Every structure is written in C-alpha cells, then in structure tokens.
Amino acid sequence: MHHLFLRGLCFIFVVCALSACATRELPCEGTDNIEVVCSFDNPEDFAIIPDSDFLVVSEYGFKHANLPSPLSMLNMKTREKHILFPSDAHPQTATSKEVGWGDPDCDLPTAESFSPHGLHLTRRDGNRLQLLVVNHAGKNAVEFFEILLDEEIPRALWRGCVNIDKSVVPNSVKWLPQGGFLVTHMGGDLSKIDGVITSAQGLLGMDTGYVLRWDSENGIRRQPGGDGPMPNGIEVSPDGREWGAC
C-alpha cells in the first residue's frame, strides 16, 4: 500500500511537471560561450544540408495545438532565416509527386495542413538529397521532399508522402538503406491532457508507444520489438540491419 501511494504521488508530480513544460516560455538570451538565434518559433529538429551553409529547422506548432507552422532553414554564416516550405518563392504543386517517394494515394500538404516535427536528411539512389518530415497538423503523415542545391539558397521540392492513422502521434523518423522508413509513436500528444497522462505513464516505465515501419511493398505496419515507454528518437545502422529507439 505504501508503495502504491508513493507511485501515485510520483505520477501526479510527473503529470504536473509535463504540463508546466508544455507551456513554459524561455528567454532568448545567450551567454559568453553560447550564441542564441532568436528568429525561430519552437524549433524541434535539425538537419545539416551537405555542401552548403544551411541547417534545416522544423518549427513545430506543438504549443499552438499543432497549428500550421513552417519548415525553415538557418544560414549558419549570416544567421538569417529562410522558409523552405511553404514558400512563396517556390510554390509547390501536386505534379512534383514522383513514383517511389511515398504512397500513390497521399496528397500534397497545404500551408494549413503542415506542421513539421521529426526530420531525416539522407541520400537516395542517384545521390539525390531526400528529406523526410513528420507532419501532423491538418493531416498525419511523413512527407518526402527533395532538397535541391541548384540555386544560391537551397530549396525543397515535395515528392510524395505516406499517410499515418490519426491515432498515432509520429515523432522521429529514419530512412532505411534498403528503402522505406521507421517512425516512432510516443503514445501521447503533449498538447492534450490525455497525452500528458500517457507520457507520464511512459516515464513510470509503462509501454506507451511503438515503432512503425513503412515500405512501398508492405505499406505501414508496427515493427516487431518496437514497443516501449515513450519511444522518441530512433537511429538506424548504416547497413539498415540494426535499429534502436528510446
């Protein structure tokens, strides 16, 4: 009984702590050793674009209940911010969809149905730069972009996507060398109270989430051995034979 009482107190404390973290605003201040770039709203994930001075930044609309937000870039030399998607300079059209980049029945996101979360930038066959972007605003999907370096500032061309069931809260994604990707489901949307409670259960060691796998032949399904407490980040070995989520 004493053990259950302490466990209950711990659970309440974790829920309150997570609720506070979900709404806390931090000052945008640097130190003598740390430079802070203040032009990004709730940056969630990053990816360095090779052969360039740019860093991709996902500005996740989490604190606004998954409202639309942009996929951006930071010029690491000038500290300037640029918008990759949606971009007025490079309007996207459905005709940019390409076979092999996602599911045929997945549609181009609009500015109102886009809120980027996890990212993974890698090279496909033919040395083409592919950026996977977890999206859950008006739609729940992993978006496929090709990063093009044919201009002074890199641009992103939407190539396709994979829809994910609305019950899933996708987070981190990794491309598999043999084709397809793995994506984590933590088990709770922290912008909602039930998601905060589920996440607190994960901190107590309960299996709240799992890993999903997608490829063009089998579609999307749960990955065996992927269940766990709040699986967030995920990594894949260079040959794609081993992976781990935590």
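**View 1. Strand S5 in the lining of the second largest pocket.** S5 gives the most to this lining, with 3 residues. Strands here are DSSP runs of E of at least two residues, numbered from the N terminus. This is a predicted model: local features need pLDDT of at least 70, side-chain atom pairs count only at pLDDT 80 or more, and totals for chains, interfaces and linings use all residues. Residues are numbered from 1 along each chain as its sequence is written, and side-chain values use heavy atoms, with hydrogens and water left out. Strand S5 (116–123), strand S9 (170–175) and strand S13 (234–236) each supply at least two lining residues.

**View 2. Centre of the second largest pocket.** The volume of the second largest pocket is about 290 Å³. Of its 17 lining residues, Arg123, Arg124, Trp175, Leu176 and Pro177 are the closest to the centre. A pocket is an open set of points, on a 1 Å grid over the protein atoms alone, where a 1.4 Å probe fits, with protein on both sides within 12 Å along at least five of seven lines; lining residues have an atom within 4 Å of a point. The volume is the space filled by probe spheres set on the points, which are joined across faces, edges and corners.

**View 3. Open sheet S1-S2-S3-S4.** The 4 strands of this open sheet pair in the antiparallel sense; pairing requires at least two DSSP bridges between two strands. Strand S1 (43–48) and strand S4 (81–85) are the edge strands, each pairing on one side only. Between S2 (residues 54–59) and S3 (residues 71–75) there are 5 bridges, and Ser58 stands opposite Leu71 in S3.
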